[in-house]
Amino acid sequence: SFLFFIIKIAILMRKRAFAPYSNYRVGAAVKTKTGEIIGGCNIESSSYGLTCCAERVAIYNAISKGFNQFNSIAVSTKNAGYPCGACRQVIWELCDDIIVYICNSKELVKELKSSDLLPNPFNKSFLK
């Protein structure tokens, strides 16, 4: 099933993480509305503010490949960590209210919606 596959990809993406400073490896995979699953991993910089989280790398990777509609995202950390605030905002803005699968390094731990992660979000409607 796609659920197993998206989780497997997120877990596998942790191995590609570049995390020499935090040693906190994160993998993510986003599923497009057309069924493609595209992964990403966290990439750290010695200038910490330039680090990019796995969730954003996966989403940006998908968008750079021409996809812009998404069904779900899976995030894998060693201890089932949740997306940071910046990633919650990007998930909401670029993916809308999708399913978020929170995984540890072996399995699905929790399923929720992006609206659960970011209630009352800021979006483009406030810029009018």
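Student: Where is the place of asparagine 120?
Tutor: Good place to start! This is a predicted model, in which local features need pLDDT of at least 70 and side-chain atom pairs count only at pLDDT 80 or more, while totals for chains, interfaces and linings use all residues. Residues are numbered from 1 along each chain as its sequence is written, and side-chain values use heavy atoms, with hydrogens and water left out. With helices (H or I, at least four residues) and strands (E, at least two) taken as DSSP runs numbered from the N terminus, asparagine 120 belongs to the segment after helix 4.

Student: Is asparagine 120 buried or exposed?
Tutor: Phi of asparagine 120 is near 55°, a positive value in a residue other than glycine. For accessibility, buried means under 20% relative accessible area, exposed over 50%, and partly exposed in between (1.4 Å probe, protein chains only). Asparagine 120 has a relative accessibility of 75%, so it counts as exposed.

Student: What separates the C-alpha atoms of asparagine 120 and valine 109?
Tutor: Along the chain, asparagine 120 and valine 109 are 11 residues apart. Between their C-alpha atoms the separation is 25 Å.

Student: Which backbone nitrogen lies 2.7 Å from a polar atom of the side chain of asparagine 104?
Tutor: Asparagine 104 sits in the loop between strand 4 (99–103) and strand 5 (108–113), and its relative accessible area is 18%, so it is buried. A polar contact is a pair of N or O atoms within 3.5 Å; within protein, one must be able to donate a hydrogen and the other to accept it, and residues adjacent in sequence count only if both atoms are side-chain atoms. At 2.7 Å, the backbone nitrogen in question is that of lysine 106.

Student: Alanine 80 has a positive phi although it is not a glycine; what is its value?
Tutor: You will find alanine 80 in the loop between strand 3 and helix 3. Its relative accessible area is 13%, so alanine 80 is buried. Contact means heavy atoms within 4.5 Å, and alanine 80 is among the residues in contact with asparagine 104 once neighbours within four places in sequence are left aside. Its positive phi is about 60°.

Student: Which backbone nitrogen does the side chain of asparagine 42 reach at 2.8 Å?
Tutor: Asparagine 42 lies in the loop between strand 2 and helix 2, and its relative accessibility is 6%, so it counts as buried. A polar atom of its side chain lies 2.8 Å from the backbone oxygen of tyrosine 24. The side chain also reaches, at 2.8 Å, the backbone nitrogen of valine 26.

Student: How are the axes of helix 2 and helix 3 related, roughly parallel or roughly antiparallel?
Tutor: Axes are lines fitted to C-alpha atoms, for helices over the stretch in contact, with angles from 0 to 180 degrees between N-to-C directions. The axes of helix 2 (54–64) and helix 3 (residues 85–95) come within 9 Å and cross at roughly 25°. Angles under 35 degrees count as roughly parallel, over 145 as roughly antiparallel, 65 to 115 as roughly perpendicular and the rest as oblique. Helix 2 and helix 3 are therefore roughly parallel.

Student: How many nonpolar residues has the contact of helix 2 with helix 3?
Tutor: Among the residues making the contact are Ile59 and Ile63 of helix 2 and Val90 and Leu94 of helix 3. Ala, Val, Leu, Ile, Met, Phe, Trp, Tyr, Cys and Pro count as nonpolar, Asp, Glu, Lys and Arg as charged, and the others, Gly among them, as polar. By class, the contact has 2 charged residues, no polar ones, and a nonpolar count of 9.

Student: Which elements do the buried residues of helix 3 pack against?
Tutor: The buried residues of helix 3 are Cys87, Gln89, Val90, Ile91, Trp92 and Cys95. They pack against helix 2, strand 3 (70–76) and helix 4 (114–117).

Student: What separates the C-alpha atoms of valine 30 and alanine 74?
Tutor: Valine 30 is part of strand 1, and its relative accessibility is 0%, so it counts as buried. Its contacts, leaving aside neighbours within four places in sequence, include Ile38, Ile59 and Ile73. Valine 30 and alanine 74 are 44 residues apart along the chain, and the separation of their C-alpha atoms is 6.4 Å.
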